[in-house]
Amino acid sequence: MVIVVVGGAGAMGKAAVRELVDHPEVEKIVIADVRLDAARALINQIGSDKLVACRVDVNDAPSLEAALRGATVTVNCTWYEFNVGVMEACLRANCHYVDLGGLYHVTKKQLALHQQFEAAGLSAVLGMGASPGMTNVCVGMALKRMDRIRGIHIRTGARGGKGFAYAARTIIDELTLKPVIMLRGRLCEVEPFSGRERYVLPDPVGEVEGFYAIHSELATLPNIPGITDVTFRVAFSPHLVAVADVLRDLGLLSSESVEIKGVWVSPKEFLYTYLSRLPEPTDLTEYKAFRVDVRGEEGGREVRRIYEIAVPSRPEWNLRATAVWTGVPAALGAVFVARGEVPPGVHAPDRALDCDDFSAALATRGLSIRESIAEVR
């Protein structure tokens with residue numbers, strides 16, 4: 001199998017590439033990135049003859065399509081707003097597709113491509129990282145065990161690390177766009193930073209304070225028959241939340257263009273462009289964790305199935321926990337797709353995969369999801 005990692009020189013892409021190198025079924029990995037020098041540097045660090053570097057600008061559709069031709073699967077590790085364009089390039093190049101998530105609204109647009117992928121005999125798995133991704137796998141495991149699911153509550157958080165753990169523009173969007181949640185059977189938008197709650201995640205993350213944030217799980221999990229409640233909360237560092245508050249209060253997240261010395265530019269676009277040029281954070285003290293609380297009926301009883309994981313950074317890869325717990329599942333997802341284990345069409349991980357098999361594969365890569373059950377009284 002030949003796998004192209006678009007954005008392969010970024011943090012998430014690096015983790016996916018390092019994971020794929022270790023798979024004997026993978027014959028060739030193309031690190032496709034607009035920064036050719038960074039792609040070549042990664043090849044020199046890893047030292048595998050499976051790796052090839054290729055300069056690709058996702059805004060240049062013909063060159064993107066050319067890079068994907070001949071590939072079995074594309075793993076898209078670019079910014080989420082490029083997802084639809086990369087998927088369309090996969091259709092033209094006759095290539096399967098995996099990505100890291102579309103932050104709800106883009107995921108909705110991607111799901112609309114289901115019939116085109118199905119007709120082409122191609123498979124696409126949306127949101128195959130940590131959250132979305134492993135969180136969906138947890139729900140898929142619960143679906144196999146429970147007779148009926150009524151509620152899914154996802155809580156994530158981190159400990160340690162400095163700066164923006166992944167694309168700054170994605171984090172700012174998560175902090176400032178209106179979250180979507182499902183309550184009593186209805187999807188609704190709520191205010192950013194609402195739903196504040198203190199909760200405990202697996203050690204060493206421990207107790208954190210989280211709030212509702214826009215996320216891809218809400219674009220797919222509410223489709224489960226009989227479900228009435230789905231929520232997603234994230235706990236960012238207080239410092240990062242304060243920064244987002246200041247940016248919003250100053251109007252620096254506005255999309256309305258202003259003229260500066262004859263050039264029209266929006267504050268938001270300037271901010272995103274500037275932040276994208278900052279060096280990647282190198283602090284490896286970070287830990288990431290989530291808890292997925294699935295509530296419903298099983299064997300005539302009301303139960304909760306709890307799924308938890310905590311992931312450390314990997315110094316041997318020189319990558320933070322955020323990159324590891326996102327890139328590794330995406331790489332594994334690409335292998336499952338390449339093996340023909342995902343049906344044609346566009347799917348969320350909980351519908352695309354045998355989630356028990358995938359969880360077992362994650363465990364062999366140091367990502368062990370812990371499952372427990374409690375009766376609700």
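How are α12 and α14 oriented to each other?

1. Model and conventions. This is a predicted model, in which local features need pLDDT of at least 70 and side-chain atom pairs count only at pLDDT 80 or more, while totals for chains, interfaces and linings use all residues. Residues are numbered from 1 along each chain as its sequence is written, and side-chain values use heavy atoms, with hydrogens and water left out.

2. Helix pair. The axes of helix α12 (residues 321–338) and helix α14 (residues 355–364) come within 11 Å and cross at roughly 130 degrees; α12 and α14 are therefore oblique to each other. Axes are lines fitted to C-alpha atoms, for helices over the stretch in contact, and angles run from 0 to 180 degrees between N-to-C directions. Angles under 35 degrees count as roughly parallel, over 145 as roughly antiparallel, 65 to 115 as roughly perpendicular, and the rest as oblique. Helices (H or I, at least four residues) and strands (E, at least two) are DSSP runs, numbered from the N terminus.

3. Helix contact. Pro-329, Leu-332, Gly-333 and Phe-336 of α12 meet Asp-357, Phe-358, Ala-361 and Leu-362 of α14, where contact means heavy atoms within 4.5 Å.

4. Sheet. Seven strands form an open sheet with parallel pairing, in the order β3-β2-β1-β4-β5-β6-β17; two strands pair if DSSP finds at least two bridges between them. The edge positions belong to β3 (51–55) and β17 (345–347), each with a single partner strand, so one side of each is left without a neighbour in the sheet. From one strand to the next, the twist averages 15 degrees.

5. Strands β4 (residues 73–76) and β5 (residues 96–99) run parallel and are joined by 4 bridges; Thr-74 has Tyr-97 in β5 as its bridge partner. Helix α2 (residues 36–46) packs on the sheet by touching β2 (28–33) and β3, and its direction makes about 170 degrees with that of β3. Helix α4 (residues 83–93) also packs on the sheet, touching β4, β5, β6 (123–125) and β17, with its direction at about 160 degrees to that of β5.

6. Leu-284. This residue lies in the loop between α11 (267–276) and β15 (287–298). Leu-284 is partly exposed, with a relative accessible area of 27% (buried means under 20%, exposed over 50%, partly exposed in between, with a 1.4 Å probe and protein chains only). Leu-284 and Ser-313 are 29 residues apart in sequence and 5.7 Å apart in space, C-alpha to C-alpha. Not counting residues up to four places away in sequence, Leu-284 touches Ser-313, Pro-315, Asn-318, Leu-319 and Arg-320.
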